[in-house]
Amino acid sequence: MATEKIQENKMGVMPVNRLLITMSVPLMISMLVQALYNVVDSIFVAQLSEDALNAVSLAFPMQNLMISVATGTGVGISALLSKSLGENDTERVERAATNGIFLAFASFVVFAVIGLFFSRIFFEL
């Protein structure tokens with residue numbers, strides 16, 4: 001039972017240096033894979049034409065913004081859900097899940113509108 005408790009709450013018992021390594025390495029690998037994906041994508045697109053590479057390069061900041069909004073929303077909702085589930089507050093869990101779905105849909109609508117109506121202006125600037 002004691003080993004289960006240690007594994008359940010490693011942030012409370014694990015040494016800080018080891019905790020930082022075990023929690024940061026997966027994030028760094030994820031960021032590395034994302035960066036490598038963009039590099040490989042750019043190499044492939046550059047073989048098509050210079051205009052295609054320019055389009056990919058200009059779309060990259062918007063792609064990062066969409067990923068940041070989605071990740072931030074997901075992490076926030078996950079934290080709220082975890083806390084609410086730990087407190088056995090089912091009403092708060094339902095509200096958090098509903099708000100998470102609404103925020104996902106709202107961010108989709110915002111980025112779809114930006115893409116449909118403002119992408120030409122963005123690329124011309």
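Buried means under 20% relative accessible area, exposed means over 50%, and partly exposed lies in between, with a 1.4 Å probe and only the protein chains counted. By that scale N64 is partly exposed, because its relative accessible area is 28%. The structure is a predicted model, in which local features need pLDDT of at least 70 and side-chain atom pairs count only at pLDDT 80 or more, while totals for chains, interfaces and linings use all residues. Residues are numbered from 1 along each chain as its sequence is written, and side-chain values use heavy atoms, with hydrogens and water left out.

**Overall fold**

- The protein has five helices and zero strands, where helices (H or I, at least four residues) and strands (E, at least two) are DSSP runs numbered from the N terminus.
- Read from the N terminus on, the order of the elements is α-α-α-α-α.
- The radius of gyration of the protein is 20 Å, whereas a compact globule of 125 residues would have a value near 14 Å; the radius is taken over C-alpha atoms, and the globule rule is 2.2 Å times the number of residues to the power 0.38.
- Along its principal axes, the C-alpha trace spans about 60 × 35 × 20 Å.

**Surface and contacts**

- Of the 125 residues of the protein, 8% count as buried.
- The protein exposes about 10100 Å², of which carbon and sulfur atoms supply 70%; accessible areas come from the Shrake-Rupley method with a 1.4 Å probe, and for residues only the protein chains shown count as cover.
- Among contacts between residues at least 6 apart in sequence, 38% join residues at least 24 apart, a contact being heavy atoms within 4.5 Å.

**Largest pocket**

- The largest pocket has a volume of about 180 Å³. On a 1 Å grid over the protein atoms alone, a pocket is an open set of points where a 1.4 Å probe fits, with protein on both sides within 12 Å along at least five of seven lines. Grid points are joined across faces, edges and corners, and the volume is the space filled by probe spheres set on the points.
- Its lining consists of L27, S30, M31, Q34, I67, S68, T71 and G72, lining residues being those with an atom within 4 Å of a point.
- The elements that give two or more residues to this lining are α3 (16-46) and α4 (50-86).
- By residue class, the lining divides into three nonpolar, five polar and no charged residues; Ala, Val, Leu, Ile, Met, Phe, Trp, Tyr, Cys and Pro count as nonpolar, Asp, Glu, Lys and Arg as charged, and the others, Gly among them, as polar.

- N38 has its place in helix α3 and is buried, because its relative accessible area is 11%; leaving out residues up to four places away in sequence, N38 touches F60 and Q63.
- N64 belongs to helix α4, and its C-alpha atom lies 10.0 Å from that of Q34, a residue 30 places apart from N64 in sequence. Q34 is also one of the residues that line the largest pocket.

- G74, in helix α4, is partly exposed at a relative accessible area of 30%, and its C-alpha atom is 8.6 Å from that of A104, 30 residues apart in sequence.
- L80, also in helix α4, counts as partly exposed because its relative accessibility is 29%. Aside from neighbours within four places in sequence, L80 is in contact with R92 and A96, and the C-alpha atoms of L80 and A96, 16 residues apart along the chain, are separated by 6.8 Å.
- K83 is found in helix α4 and is partly exposed, with a relative accessible area of 45%; 8.8 Å separates its C-alpha atom from that of V93, 10 residues apart along the chain.
- S84 lies in helix α4 and counts as buried, because its relative accessibility is 0%. Not counting residues up to four places away in sequence, S84 touches D89, R92 and V93.

**The loop between α4 and α5**

- N88 is found in the loop between α4 and α5 (90-124) and counts as exposed, because its relative accessibility is 66%.
- The phi of N88 is near 55°, a positive value in a residue other than glycine. Most residues other than glycine have a negative phi.
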